[in-house]
Amino acid sequence: MLVQEVEASVAADPTTEVAGLTDRDREILAFEKQWWKYAGSKEQAVRELFDMSATRYYQVLNALIDTPGALEHDPILVKRLRRMRATRQRSRTARRTDTPG
């Protein structure tokens, strides 16, 4: 049922004709927009929906949010994901530079 809900949200979105995005790309963006609505872990939902490990999913997602097509498709989501990524990167960098050594 999880797959059908994501597919339905992609099909209901009138902007799915964005050049440069595959169906999977649009499904990933739709999933990121509403993954918290589903019971269970995100990693389990990723395995069920996209048949990939969580690590691979995040690699694909990070590459996807850097594309102009993704930004055009859902600018609010993509900008939010980019901000979250930048915050995590700054946090990791700060931890490395604060380590005595």
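**Rings and a pocket**

Okay, let's start with Y57: at 0% relative accessibility it counts as buried, where buried means under 20% relative accessible area with a 1.4 Å probe, protein chains only. Quick caveat: this is a predicted model, so local features need pLDDT of at least 70 and side-chain atom pairs count only at pLDDT 80 or more, while totals for chains, interfaces and linings use all residues. Residues are numbered from 1 along each chain as its sequence is written, and side-chain values use heavy atoms, with hydrogens and water left out.

So who sits with Y57? The structure holds four aromatic pairs, meaning Phe, Tyr or Trp rings (six-membered ring for Trp) with centres within 6.5 Å; planes under 30 degrees apart are stacked, over 60 edge-to-face, the rest tilted. F31 and Y57 go edge-to-face, 5.9 Å centre to centre with 90° between the planes. That pair links distant parts of the chain, F31 in helix α2 and Y57 in helix α4, 26 residues apart; helices here are DSSP runs of H or I, at least four residues, numbered from the N terminus. F50 and Y57 are stacked, because their planes are at 25°, with centres 5.7 Å apart. F50 is buried too, at 10% relative accessible area. Ring pairs join F31, F50, Y57 and Y58 into a cluster.

Now the largest pocket. By definition, that's an open set of points on a 1 Å grid over the protein atoms alone, where a 1.4 Å probe fits, with protein on both sides within 12 Å along at least five of seven lines; lining residues have an atom within 4 Å of a point. It is lined by 14 residues, with E32, K42, L81, M84 and R88 nearest its centre. Helix α6 gives the most, five residues.

Definitions and conventions. Helix = DSSP H or I, 4+ residues; strand = E, 2+ residues; numbered from the N terminus. Buried < 20%, exposed > 50% of the residue type's maximum accessible area, 1.4 Å probe, protein only.
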